[in-house]
Amino acid sequence: MSAPDSIALTKALLAFDTINPPGRERDCARYAGGLLQEWGFKVDYFEFADGRTSVVARAGGNDAGAPLCFTGHLDIVPLGTRKWTRDPFRGETDGDRLFGRGTSDMKAGIAAILMAARSFSKKLSGTPGIVLVLTAAEEGGCIGSQHLARTQLLGKAGAMVVGEPTSNYPYAGHKGSLKFYARFRGVSAHGSLPHLGVNAVYKAAHAVTKLEGFSFEGKKHPIMGEPTMNVGTFEGGQGVNMVPDEATIGVDIRTVAGMDHAALLQRLKSALGSEAELEVFSDMNAVWTEPQDEWVQRVFEIAGRHLGARPEPKAQTYNTDAGNLLRVYKGAPTVILGPGEAAQAHQTDEYASMERIRQSVAIYEDLIADWCR
Ligand SMILES: [Zn+2]
């Protein structure tokens, strides 16, 4: 394989249909891993299920320091119900815009990580080196990184760059998430004799009202702001002429750094009452590195040179794999910095700026040079 430029490589990655569900990251993962292997990286693959492939690649490494980690996800979200005016997989361009599902979120970021890695592949021996973690199944729950964190493949990392879309602005963290279903049970009866049954929809409705009034007790983070809650789904009943014997609500809470999820869950349980059966399906802590951290200051300086102004500490609202990876890379300062446009993520006719893609390669290269001096 010849060495493509960052735009051609983004297009090559776009051509792999990694829509999740179902995912099918294997071919894309093998393609990226193949390039890295060709460039001299030691490449490992991990599949948490058939075809759901993550890549861990490393180069360099010494006893003096842990490597710098770059991470991103290979899967993309479905195309949505609205019709696209651009081909989602062929990398159409218009001016500076490169269109396609997963351009901004985040195959452009993957391409930039790969290109920067290639620039240094032969120059990292005797330095702390770099480790690339390209994950499957980030969308909808960060399942790939959750599994990866249980393997021995991740090794160590001294700091982490998450290439999710930020228009190359370095963010010092992002909110956490606690997502759960609360199920309520009742007793079915004929719709004309409701007094003979117990209505589970009423129970769920009361629970929603309680959640609407739920207080986070003034929890606030100086940069992330306040935690939020959204009741996103409400399901119950099988027919209008029946007393529903089951109802379920789906709840999405976004937490800020410093919040204890276990304690929060206890408070939610007591608010919802003992009849609520809770099923937590996503529990990821917020990610936050104090902007005064020495490495974060270096990132601000390096990114600031490229962006034309020194960044201010900011946090993203969306979740990333970082929450899971930090279970292994404990205490590693982390920034979210990638070429995609956050506002384009999950949109119809999603695009990325080609200028931003090239810029992110340059920023990543400077970050590697700085880490591996
Ligand atoms: Zn993403």
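**Basis.** I worked from a predicted model in which local features need pLDDT of at least 70 and side-chain atom pairs count only at pLDDT 80 or more, while totals for chains, interfaces and linings use all residues. I number residues from 1 along each chain as its sequence is written, and side-chain values use heavy atoms, with hydrogens and water left out.

I looked up the donors (N, O and S atoms within 2.8 Å of the metal, or 3.2 Å for Na, K and Ca; water is not among the atoms, so sites may look incomplete). His73 (NE2), Asp105 (OD) and Glu164 (OE) coordinate the zinc ion at 1.9 to 2.1 Å. Histidine 73 belongs to strand β3 (residues 68-73), and glutamate 164, 91 residues apart from it, to the loop between β7 (159-162) and β8 (173-174). I take helices (H or I, at least four residues) and strands (E, at least two) as DSSP runs, numbered from the N terminus. Both histidine 73 and glutamate 164 are buried, that is, under 20% relative accessible area, with exposed over 50% and partly exposed in between (1.4 Å probe, protein chains only).

**Threonine 135.** I located threonine 135 in strand β6 (residues 130-135). Its relative accessible area is 0%, so I record threonine 135 as buried. Its side chain makes a polar contact of 2.6 Å with that of aspartate 321; such a contact is a pair of N or O atoms within 3.5 Å, where within protein one must be able to donate a hydrogen and the other to accept it, and residues adjacent in sequence count only if both atoms are side-chain atoms. Beyond four places in sequence, the residues that threonine 135 touches include His73 and Asp321; contact means heavy atoms within 4.5 Å.

**Helix α9.** I checked the length of α9 (residues 354-371): its 18 residues should span 26 Å at 1.5 Å a residue, and its end C-alpha atoms are 26 Å apart, which agrees. The expected span is 1.5 Å times one less than the number of residues. Among the buried residues of α9 I noted Met354, Tyr364 and Asp370.

**Proline 67.** I found proline 67 in the loop between β2 (53-59) and β3. Proline 67 counts as buried because its relative accessibility is 12%. Its contacts outside four places in sequence include Pro128, Lys156 and Trp371. Between the C-alpha atoms of proline 67 and histidine 195, 128 residues apart along the chain, I noted a separation of 66 Å.
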